[in-house]
Amino acid sequence: MKKQFHREITTRALGSYFAAETLESVIVANLGQDALRYQFGHDHFHYDSNSFVAGNAYCDKLRLAIAAALQKGQIGDARADLGRLSHTVQDLYAHSNYVALWRQLYPDAVPDDIDPEFAIVLQDARFHSGKLYYPLEVFSFIDSIKPYVLPLLPRDSHAWMNLDDPGRPDFSHAFAAAVKRTRLEYLRIVKKLSSGAVSGLTGLTG
Ligand SMILES: [Zn+2]
């Protein structure tokens, strides 16, 4: 996902649960995952190149880290890890053929109907994510050069497969799935917390 959409997805998913300045710290950590140094050797941050096992393990690690940080009163760390977790789960739908496989099953469904954790899709042998074919792939991120590079890249490349912006087919479905999944992750985390801990995390009381 492009930064603007990570921001929009996170705001739609969590905006009603968080104080504005607290949500901003979650969003800053989310966007930090796309820093240049995390674009290489960090496929699992973005579910790139079929890194489903490593991506899932990374998400598990973050969920545990959030709980541990809250127990120690390290609220800033908990918010940052929630931001990182939201980034990775949002990228799942933008970087894989999850939406395409789901739409094969439900061709007439609207974006808001999408189930972000549909086991039949997640277990489908055809389920895969875009591979980064460096160095050529780098040029696909530059809009003016992209049309020349795209024909040279395989169909399973990130450049062909991504649903990172509204110019891509099925972007609305990827966006809707990412909003739902982000909210689900948050609700699962707070289910295990006391109301005081929830207030600490969100910056909202009551
Ligand atoms: Zn990313």
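A residue counts as partly exposed when its relative accessible area lies between the limits for buried, under 20%, and exposed, over 50%. In this predicted model, Arg 84 has a relative accessibility of 29% and therefore counts as partly exposed. The partner of Arg 84 in a salt bridge is Asp 81, with the closest N and O atoms 2.6 Å apart, and Asp 81, at 11% relative accessibility, counts as buried. Both residues belong to helix α5, where they are separated by three residues, about one turn of the helix.

Helix α5, which spans residues 75-95, also contains Asp 91, and this residue is paired at the zinc site with Asp 34 from the loop between α2 (20-32) and α3 (43-46), so that distant parts of the chain, 57 residues apart, are linked. The zinc ion is coordinated by Asp 34 through OD, His 46 through ND1, His 87 through NE2 and Asp 91 through OD, at 2.0 to 2.6 Å. Along the chain these donors follow the spacing D-x11-H-x40-H-x3-D. The angles among the four donor atoms run from 87 to 172 degrees, and the site is irregular. Both Asp 34 and Asp 91 are buried.

In the loop between α3 and α4 (52-71), Ser 51 is buried, with a relative accessible area of 11%, and its side chain reaches the backbone oxygen of Asp 43 at 3.2 Å.

The count of salt bridges in the model comes to twelve. One of them joins Arg 7 and Glu 24, whose closest N and O atoms are 2.9 Å apart; because Arg 7 lies in helix α1 (residues 3-14) and Glu 24 in helix α2, the pair ties together parts that are 17 residues apart in sequence. Arg 7 is partly exposed at 32% relative accessibility, and Glu 24 is likewise partly exposed, with a relative accessible area of 32%. A further salt bridge is formed between Arg 126 and Asp 124, with 2.8 Å between the closest N and O atoms, and Arg 126 counts as partly exposed at 47% relative accessibility.

Methods:
Residues are numbered from 1 along each chain as its sequence is written. This is a predicted model: local features need pLDDT of at least 70, side-chain atom pairs count only at pLDDT 80 or more; totals for chains, interfaces and linings use all residues. Side-chain values use heavy atoms; hydrogens and water are left out. Donors are N, O and S atoms within 2.8 Å of the metal (3.2 Å for Na, K and Ca); water is not among the atoms, so sites may look incomplete. Four donors count as tetrahedral if all angles lie between 85 and 135 degrees; four count as square planar and six as octahedral if opposite donors are over 155 degrees apart and all others between 65 and 115; anything else is irregular. Helices (H or I, at least four residues) and strands (E, at least two) are DSSP runs, numbered from the N terminus. Buried means under 20% relative accessible area, exposed over 50%, partly exposed in between (1.4 Å probe, protein chains only). A polar contact is a pair of N or O atoms within 3.5 Å; within protein, one must be able to donate a hydrogen and the other to accept it, and residues adjacent in sequence count only if both atoms are side-chain atoms. A salt bridge is a side-chain nitrogen of Lys or Arg within 4 Å of a carboxyl oxygen of Asp or Glu.
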